[in-house]
Amino acid sequence: MLRRPAARSGRDPGEPAPEPGVEELGEQEIGRLWSSQAQVRGLPYAMVDKRFIRQLREPPGVKTSRWQRWRRRGQTAGRRLGEAARRLVRGFGLWEDALYEIGGLFGTGIQSYFTFLRFLLLLNLLTVLLTAGFVLLPLVWLRPPDTGPSLNFTLQCPGGLQPQTGVPRFHNQLWNVLTGRAFNTTYLFYGAYRAGPESSSAYSIRLAYLLSPLACLFLCFCGTLRRMVKELPQRLFLGQDYRSPVSVKVFSSWDFCIRGQEAATIKKHEISNEFKVELEEGRRFLLMQQQTRTQRACHLLTYLRVNVLIGLLVVGAISAIFWATKYSQDNKEESLFVLLQYLPPGVIALVNFVGPLLFVFLIQLENYPPNTEVNLTLIWCVVLKLASLGMFSFSLGQTVLCLGRNKTSCESFGYNACDYQCWENAVGEELYKLSIFNFLLTVAFAFFVSLPRRLLVERFSGSFWVWLDREEFLVPKNVLDIVAGQTITWMGLFYCPLLPLLNSVFIFLTFYIKKYTLMRNSKASPRRFRASSSTFFFQLVLILGLLLAVVPLGYVVSSIHSSWDCGLFANYAAPWQVVPELMALRLPPSGQRTLRYLGSHAFSFPVLILLSLVLTVCVSQSQANARAIQRIRKQLVWQVQEKWHLVEDLSRLLPEPGSGDSVGPEALHSRASRPRSFCPGFPCPGSPGPRTPRPGPCLEDPAGLFGDPGPARRFRLPSGSEL
């Protein structure tokens, strides 16, 4: 407790006399706290002392007004209320206990995958709330008038074909649910949304329907970017040669509030996994430092050869997806149309299953290190997954919107009106089927592949079953699968507004399916992942998927003609045309001129110049900070080298015990009193390397927990002594 200067001269009869210097130390401490700018709330003192410090900091002769006291109390009450609310949210947080158990048993790398699932669930629920609040509820509340009969138009279709009426040949209700045809007339798809003229209502359903997907994508981008920056690996800031102090984890990792045996077991596994991550990263760093220039050049040539072969495989895979989608859409009248409904999703799933196996086979032929093998396979799996979705979107657009094709209906209406009376619904059905198929594959692999494999391995014995073993829970593969599903959801926001609700249900079920697979049917991968690095990779891939979804959506909204007979934009050349119409109806002439100026080149060029200047300043500041960090590091190296020189001079002055000297408490004390390092847990920059060990009993320290990690650090022990 903080001791204030004595305010009275006498003491109680039983009170002991104060220690010498207590009053002086108290006065010095009070003076330091009075001149300090630290917040009183963060000081390690009792509440009575904090009130006294707050009174000391008030200017002399100035009395705190009643308004200031009331505002201070209100801020304190608001802060306490916010802390209580955060504790309540954490207490009722979704899957908190399950995440804690997974992190303790399998490490933070695998735990970050399940945390990523929860993050995607929150993003989808936010999208559903925005869509329901700005589109569905106003649409139900306003009850727009009947828009009248649909437009009558005659198409000159080749072969006497008429526009598709949407009636399926296969009258099976389950199949209609799986293909989405059972929901064609519901709010799940674009064609069911109707609204009257813009002048008949004060609230524009069309503008809300148009801006809701864009706002959702923008919020998802901001949330993902914030999470990615927050979870940046610390090595990007501290340098590649930085190693966290292991001794801190050795002596301060245990939680002494643990009482239960189960919680203690989970905590032990968690600490063990952290040490495994640290040691594996240290081993990889040493292997990279030991490579010569010749080895690096050979590895570079090998990378080029393998990447060319894998690139050819990726080109062949996306070509197969293109032709499968084209064949499925061009043969709608065939008797096998029922089987062709799921041909594109099936080919995409086959490509993403066989492709990584071929990648691993080609990479293993070159005898790469495990770390390089995993990273190279992962990069190409990301490319294959996103390229397959991009090619599916392009091939669908070429068939439905006649991109690069010349047809009579395309010239007249801007899309293939002979085969697709409501092309937005057709695209929405394809994305709906792709989302359904991805979830069904997750369920099938969990209960028809992983579960039987585990049962067979446990039932039979032999070299083959030992080699087969349980399936490894590969975090990157599972992340790519869930990112692909989220990318499909973002691509379908305009055509299938309630697809995020369906994806939320899938993510919720996927969490429990993957947890069951991890706990019962799988084993953790031998390669450990750090949580910060894993989360950064997850968010990066998610942003790439978001950009893949934004590009076709922006093109469709701004340039593609809407369907003539369905949806909100039936009478518009493009959905974005509703914005100029509303500007002319709702805004005064000054507001219209302002918006036109904001959208013109006269405004965009100065904004680009200003952004360039801001970016230049930020880059210059970043480079200056990097140079300052380098100077500080060099200064630290010089200081440590100077300290080591002083230690060496001191060791030369001290007498060395001879071989015949008796080992006693004084010798042990003199040996133990010499410092080995000023930086516990990791080598100081500028410190000398390991010295040649002297003869005598020694103790191996392969982990390098107490100094410079090396192949064999040895600690000399006196003869006859025990550790």
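Is Cys566 buried or exposed, and what is its relative accessible area? Cys566 is buried, at 6%, where buried denotes under 20% relative accessible area, exposed over 50% and partly exposed the range in between (1.4 Å probe, protein chains only).

The model is predicted: local features need pLDDT of at least 70, side-chain atom pairs count only at pLDDT 80 or more, and totals for chains, interfaces and linings use all residues. Residues are numbered from 1 along each chain as its sequence is written, and side-chain values use heavy atoms, with hydrogens and water left out.

Of the 723 residues in the chain, 37% are buried. The chain has 24 helices and four strands; these are DSSP runs numbered from the N terminus, helices being H or I of at least four residues and strands E of at least two.

One disulfide is counted, a disulfide being a pair of cysteine sulfur atoms within 2.5 Å. Cys422 is joined to Cys566, with an S to S distance of 1.9 Å. Cys422 lies in the loop between α15 (408-413) and α16, and Cys566 in the loop between α20 (531-559) and α21 (578-586), so the bond ties together parts 144 residues apart in sequence. The torsion about the S-S bond is about 85 degrees, so this disulfide is right-handed.

Cys216 is in no disulfide, as the nearest cysteine sulfur, that of Cys220, is 6.5 Å away. The sulfur of Cys222 is 9.4 Å from the closest cysteine sulfur, in Cys220, which is too far for a bond.

| Residue | Relative accessible area | Class |
|---|---|---|
| Cys422 | 15% | buried |
| Cys216 | 2% | buried |
| Cys222 | 34% | partly exposed |
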